[in-house]
Amino acid sequence: MKLRAAVLALFLVGLPAGIASAAEQAEQPGQDTYVAPLADPILEARAKAMQKELRCLVCQGQSIDESNAPLAADLRRLIRQQMEAGQSDEQIKDFLVARYGAFVLMKPPVRFDTYILWFGPGLLLVLGAGVIGATIMRAKRRLATDPASDDLDLHS
Amino acid sequence: MTGELGQLALCLALALSLVQALAGFIGAHEGNLRIMAMSRGAALGSFVFVALAFFTLMYAYITSDFSVLAVAENSHTAKPLIYKISGVWGNHEGSMVLWLLILGAYSAAIAMTQPVGEGENTKLGARALGVQALIAIAFLVFVLLTSDPFLRFYPPPFEGNGLNPLLQDPGLAFHPPMLYLGYVGLSAAFSFAAAALLDSRNDAAWVRAARPFALTAWTALTLGIAAGSWWAYYTLGWGGFWFWDPVENASLMPWLIATALIHSMMATERTGAFKSWTLLLAITAFSFSLIGTFLVRSGVLNSVHAFANDPRRGLFILLILFVAITAPLALFAWKAPKLSPGAPFDVASRETGILINNLLLTASAAIVLTGTLYPLVLDAAEGIKISVGPPYYSATVIPLMAILAVAMPFGPIMLWRRGNLRAALYSLRFAGAAALVVLLAVLAIARPYSTLGVMAGGLGTWLIAGSITDLARRAGSWRRVRHLGAAAFSVALAHAGLGVTAFGVAGTAIWKSEGIEVLSPGKSMAIANYQLRLDSTERVQGPNYVADRASITVFSGGKQITVIHPEKREYPVEQMATSNSSIRTTVISDLYVVLGDPRDGGGWVVRAYVNPLAPFIWIGALIMAMAGFIAIGARIAVRIRSARSQTAAGLTEAAE
């Protein structure tokens, strides 16, 4: 049971639903979640890196790298098989997206329905920078015209 | 009987909160000291009754009173006492009572610390208590109508359902109360800001009153988040400490805004700069607490459908959220134009530094909010499911944090109002050199190469060396450093603490080594510079679980260092298994060993990690929290001193 999200949620929430889903996803004894590493260290490193970018679909917010759920183990195995068969990272990801949808990618794709997600914060930052720049310039102008309360001890 | 007592206590607390609100607002409006005193009395009384309800509930848990539904669903007689107690807030109903208890404690603290005599500040305190009471009323009604923790049912079961074993952990006994102390503490800053707006005054008085509460909230949030991530680190069995999970994000967002707030308050209190902005931040900070509460409480995170299945609670909190955000913002929009403008400052000044801090922190909070809500909105609107995971936040939040870290050492070194950038750069030349040396060293030595790691090494050093520079510069000489005031230490520690955490995060996230092998007794595996030999496994019986317990001897350089005992526990009541990893730390790095499943052909899966600098993550957080404690302590000391001198002055007057 490695479901930090479910657990934290039900801890803070205490939703019975959360408990139920956590229990469903609990480790089932006897399930083999061990995936033997590949003999080729370069391939294995590639597989490890890719594991971090794929979501464990039955867990809450965990990558298949950090889940003990049987599905996560299956996907770890699948990645390795495909890599040994000579598939590229892109091909494997495309295969998984075709099978499970974009939900499987930890990094959301950049497309029209995620523009707000990817560019919204940047836009906000630029806007905020503008506002703050204006605030600073205004404060500076007032400093020139209004030397009031310069007797304040501000030197610390 | 006790359950009904608790329910009655909550009802009485509600009645007293109504008195507190009415007396606070009316008393302040009429300038009537006796009515305002009534509000303070009601606040204390309301706190006492909420506390009574809370302890009644705790009593039901301790005595395993399964006729109370919440107890039967979340407790069990075989559970150790500490987890019976922590089980009180391990579920929705109980955690709401804890929320109320802490809210009541803050109200009581406001009632006891604010001035009581003639004067504008007494009115400010009374209005703040009024706002505080409105929040309490909203949540008391919420608890009584939708989440009654004392609900009985018949017939009571013979045994309870138990508590999720992952929550049966000392780390998590401590984590939620700390987090709530932070979340709810922001309500005090919010109440004072709202009171200042109601009073149409934006001088520094409200900031002076609210700052100790904001500092307390920030310190508690820091500790609460650190405790949560530490718990994740050692219980989840993967050595991960932060997952950018919506529930974690719910606690990170208020922390980011609270950090912005305590900085902005510093400027407003000290020089009177950007007064309106600080008001807005105080409102925003508590709004983020409420958003976090909504996200976690409503079930919307589990799935949009879970929310739709039981919408009562979610809608209620959404309503509270809506009112709590729009009402003060409307008030702000109405009053802000009438408020006096903030004090002026030059481009090169500490004020500018604080504005940059505020921009980056609020932008980060906005990113985290977008990343948390976007998948929910997209799913609800279009039925399209996407994941927003760690890679998104690494690409967006981390760069902002890096810019922030570059700017941080300049803040304390620049003077208020009119600073000198060139002089600041000159002061920081040694810090810059140190940062460069470490950056190059990481670049040269650490493998595999990582841009993020190189940056973290350089920036972490920059923060720590910057703090040391600031202390040395303020004191004038090394020998005089210990005579510096608490404020200087507090700032230096807080900034250096973040540097320490940066080391830990980079070390663990980037340069962790790991190995997974199937070991039969007598066999060894190698990880980094350790050899691990599985000696034996045995079946052991715990109070409410059975476990497979391994004995693994750890060697380093051919020498035996220690024997560790990772466990795999099964909790029969909850029908769940947990991995209790063993961590052997040298502070510089952690050896982290997990016992996996037995294999059909004999032997056990053993996973081992070496996490370089992992303890630094939490050491840094503790340093930051210590900075918070020092700042709060200094404020209390000032208060006591001024109270004493006032008493002394009063006595002299009386004697004359």
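Arg417(B) is buried, with a relative accessible area of 2%. In this predicted model, the residue sits in the loop between helix 15 (410-413) and helix 16 (421-427) of chain B. Its backbone deserves a look too: phi is positive, at about 65 degrees, although Arg417(B) is not a glycine. Most residues other than glycine have a negative phi, and most peptide bonds are trans.

Ser64(B) is another residue other than glycine with a positive phi, here near 50 degrees. You will find Ser64(B) in the loop between helix 2 (33-62) and helix 3 (69-74) of chain B. Is Ser64(B) buried or exposed? Its relative accessibility is 13%, and because the cut-off for buried is under 20%, Ser64(B) counts as buried.

Now for the peptide bonds. Tyr154(B) and Pro155(B) are joined by a cis peptide bond, with omega at about 0 degrees. Pro155(B) belongs to the loop that runs between helix 6 (120-146) and helix 7 (170-198) of chain B. A cis bond also joins Arg447(B) and Pro448(B), again with an omega of about 0 degrees. Pro448(B) lies in the loop between helix 17 and helix 18 (451-475) of chain B.

Stay with helix 17 for a moment. Leu443(B) is part of this helix, which covers residues 429-445 of chain B. At 33% relative accessibility, Leu443(B) counts as partly exposed. Which residues does Leu443(B) touch, not counting those up to four places away in sequence? They are Tyr449(B) and Val454(B). Val454(B) is 11 residues from Leu443(B) in sequence, and their C-alpha atoms are 5.8 Å apart in space.

Next, let us turn to the aromatic rings. A pair of aromatic rings is described by the distance of the centres and the angle of the planes. Over all chains, the count comes to 23 aromatic pairs. One of them is formed by Tyr233(B) and Tyr592(B), with 5.3 Å from centre to centre and 70 degrees between the planes, an edge-to-face arrangement. This pair links distant parts of the chain: Tyr233(B) is in helix 8 (residues 205-235) of chain B, whereas Tyr592(B), 359 residues apart from it, is in strand 9 (residues 589-598) of chain B. Both tyrosines, Tyr233(B) and Tyr592(B), are buried.

There is also an aromatic cluster with members in chain A and chain B: Trp118(A), Trp242(B), Trp244(B), Tyr392(B) and Tyr393(B). Arg350(B) lies over the face of Trp416(B), 4.7 Å from the ring centre. Likewise, Arg429(B) lies over the face of Tyr426(B), at 3.8 Å from the ring centre.

That leaves chain A. Chain A has six helices and zero strands. Of its 156 residues, 47% are buried. Among the contacts in chain A with a separation of 6 or more, 53% come from residues 24 or more positions apart. The chain exposes about 7600 Å², and carbon and sulfur atoms supply 62% of that area.

Helix 5 of chain A, residues 89-100, can be followed in a similar way. At 1.5 Å a residue, its 12 residues should span 16 Å, and the end C-alpha atoms are 16 Å apart, which agrees. Which residues of helix 5 of chain A are buried? They are Ile92(A), Lys93(A) and Leu96(A). Seen down the axis of helix 5 of chain A, they fall within an arc of 95 degrees, so they line one face of the helix. Glu90(A) and Ala98(A), on the other side of helix 5 of chain A, are exposed. Cover for the buried residues of helix 5 of chain A includes helix 3 (41-51) and helix 4 (70-84) of chain A. After helix 5 of chain A comes Gly101(A), whose phi is positive, near 85 degrees.

How values were computed
Residues are numbered from 1 along each chain as its sequence is written. Chains are lettered from A and ligands numbered from 1 in the order in which they are written. This is a predicted model: local features need pLDDT of at least 70, side-chain atom pairs count only at pLDDT 80 or more; totals for chains, interfaces and linings use all residues. Side-chain values use heavy atoms; hydrogens and water are left out. Rings of Phe, Tyr and Trp (its six-membered ring) pair if their centres lie within 6.5 Å; planes under 30 degrees apart count as stacked, over 60 as edge-to-face and the rest as tilted. Helices (H or I, at least four residues) and strands (E, at least two) are DSSP runs, numbered from the N terminus. Buried means under 20% relative accessible area, exposed over 50%, partly exposed in between (1.4 Å probe, protein chains only). A charge sits over a ring if NZ of Lys or CZ of Arg is within 6 Å of the ring centre and within 35 degrees of the ring normal. The expected span of a helix is 1.5 Å times one less than its number of residues. The arc is that of the directions from the helix axis to the C-beta atoms. Contact means heavy atoms within 4.5 Å. Accessible areas come from the Shrake-Rupley method with a 1.4 Å probe; for residues, only the protein chains shown count as cover.
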